[in-house]
Amino acid sequence: MLDILMSVLVAGLTTGALYALATVGLSLVWGSMGMLNMAHAAMLTLGGYAAFTATTTLGLPVFAGFAAAILFGAMAGGLLYVLIVRNLLKNDKATFESNVMIATVGIGIALENTILLTYGGQPLKQPLSVDGILKLGPLNLPYQNIVIILVVVVMMAVIALLLGKTRMGRAIRATAQNRDAAQLMGVAVNRVYFQVLVLSGSLAGICGVMVSSMTQLSPPLGNDPMLKAFIMCVVAGLGNLPGAVAAAFGLALLEAFIQYVAGARWGFPSLLFVVIAVLIWRPSGLFGRTQIRRM
Amino acid sequence: MSDTAKPAVLSLHNVVSGYNELTVLKGVSFDVAAGELVTVVGPNGHGKSTLLKTISGLVPLKGGSISIDGQPTLTKPHAVAALGVAHVPQGDMLFPEMSVLENLLMGAYLAPGKAEIDRRLEEVYALLPKLADRRNQVASSLSGGERRMVGIGRGLMMAGRILLIDEPSLGLAPLIIEQIYGVISELSRSGRTILLVEENPARVADLADRLHLLDDGEIVWSGPPADLLARDELLATYLGG
Ligand SMILES: Nc1ncnc2c1ncn2[C@@H]1O[C@H](COP(=O)(O)OP(=O)(O)O)[C@@H](O)[C@H]1O
Ligand SMILES: [Mg+2]
C-alpha cells in the first residue's frame, strides 16, 4: 500500500513540477504586462523540437540540447515582443488585453503548423530523456522523474533569485505592481516587457523538453500543459507566482490521487471542478490580489 | 516669467496637456529656480496633478515646452526621471507588495552604484527615521502617514534636481500632516528645489517662496503666499473662502 501511495506521490510531484514550470512562464507575463500569451503552448513545443534538432539531427551533446531549447524559447519570446506586442501597445491601451490574446492565438497556430510542416506529424522521441529506475527499498523512482523534479527546482530557484534579488527582477516586480510608479523611478517599461517575454520564452523552452521527455515530441505537445497552466493561474490568482507554483503542485497531486482512486478519466474533470469552485467562491483566486493593475 | 536672478531648474512655457480629447492645462508658464519652493494651489479637479504628471511625462505634452536646466524634457517618463525629475505622486503609488526598503531601492533605480545607494539610504533614514524601523515591513500594511513618508523617501532616493510633491497632506490626520510638512520644510531649508501642489494655501504660507493659483487649467494669480491669504475676494472666488 505504502509503495503505491509513494508512486502516486512521485507521479503527482512530477506533473506538479511540469505544471509549475509552464504556469510560472504564463503567470509572469500576465502579472507584469496584463498579457495572456496564447502562444505559450507553441513556445513550449518549439523548445522541445529545438532540443531534438540540436541533439539528434546535429549530434550535439545533451547540454547543447538544453541550451537550444532555452535559446529558441527566448528568441520566440523576444520576437513576439518586437514584432507584435510592441506595436499593439502603441495603440489604445484599453483594448490591448483582448487584442494581444487574439494575436497570440494566431501566432500560436502559425508556429505549431510551421513545426508540423518542418518535422511532420508523427511523434518523435525526445533525445533528452533518461531511462532506468532508481530502486530505494520498496520504492521505484524513475530517473526521468527525478531529473524533471531537479531541473524544475533549479529553474524555480533561478527565477526566484532573479526576481527577488536582482535590479532587473525588482524592476519587473515594480512594473507589475504599479506601472506608472515604476516609470517615474526611471524604469523603461518597454524593456521590462521585452525581458519578461524572453524569460517566459526560455522557461517555456525548457518546459517543452521536460514534457516531451515524459511522453513524445508532437506538434500539439504544448497544448495540454498550457491548458493546465491556465487552470493553475486561475486557481492561484493570475499574476501570483508563488501561488501559481503552490497551485501547480497541489492540483497535480490532487489529480494524481483522483486518477488513482477513481480512474484516469476523472483527473481532468476534477481539476475543472476546482477551477469552477474557486471562480465562484474566490473570483480573484486562492492567493490572488483583489485587483490586478491593467495597462 | 522668471522673477528671480537664479537660473531656472524647471521651466514651463505655455504648457498644454490633457487626456485624449480633454484638454486640462490651457497654457501654463512659470519657472522654478534652484533652491526655491514653489507651490501650486487650486480647487479639486482643476489640473494640479495633471501639471505634475505632464512635467514627469506620464501625461503627454500637447503644446508648449518644458525644460530642466535649460534642456527640453523627453516624452517618456523614465527618460524624464533620468533628467532629474523626482515625482512624488498623489496617493503615494507605492509598490504595495514590496518592503519599505525595496520601495526605497526602487527610488534609486537609476543610481550609479551600491555606494551611492547606501549614501542616499542613510540620508533618507536620517530624515525619516521611522522608515529605518519599518524597513522590512511590506508597504501595503503601513498606515497612511507611513505610506506618505515612504513615498517622499522614495522620491528623495532619486536624488533629482527637482522634487515634485503632489498633495502631501491628502487624507492624513492633522498631527501627521504637521510631521509631513516638517519634513518638507526641512528639505526646503537644506536647499532642495521643490514644486509642491497643495489645495490649502494656508498650509504653505510660511514655506513657499512663490505661489501660483491654478484655476481650470490656467494660472490666474501668482505671488507670495501671504499676499494671496490677504486677498479675501480671491480666496472666495477660487478656493471657496
Ligand atoms: N487619467 C485620467 N483620464 C481622464 N481624465 C482625467 C484623468 N486624470 C484626471 N482627469 C481629469 O482631468 C482634470 C484635472 O484633474 P487633476 O489634474 O487630477 O486635478 P487636481 O489634481 O487639481 O485635483 C479633471 O477633470 C479630471 O477628471
Ligand atoms: Mg490632484
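Predicted model: local features only at pLDDT ≥ 70, side-chain atom pairs only at ≥ 80, totals over all residues.
**View 1. The shell around ligand 1.** Helices (H or I, at least four residues) and strands (E, at least two) are DSSP runs, numbered from the N terminus.

**View 2. Polar contacts to ligand 1.** Polar contacts here are pairs of N or O atoms within 3.5 Å. A polar backbone atom of Gly45(B) sits 2.6 Å from a ligand 1 oxygen, and Gly47(B) brings a backbone N or O atom to 3.1 Å from a ligand oxygen. Asn44(B) uses its side chain instead, with a polar atom 3.1 Å from an oxygen of ligand 1.

View 3. Strand β1 (residues 8-19) of chain B runs antiparallel to β2(B), paired over nine bridges; strands count as paired when DSSP finds at least two bridges between them. Tyr19(B) faces Leu22(B) of β2(B) across the pair. Two residues lie between the strands, and Asn20(B) has a positive phi near 45°.

**Notes.** Residues are numbered from 1 along each chain as its sequence is written, with chains lettered from A and ligands numbered from 1 in written order. Local features need pLDDT of at least 70, side-chain atom pairs count only at pLDDT 80 or more, totals for chains, interfaces and linings use all residues, and side-chain values use heavy atoms, leaving out hydrogens and water.

Technical notes
Polar contact = N/O pair within 3.5 Å; in protein donor to acceptor, adjacent residues only side chain to side chain.
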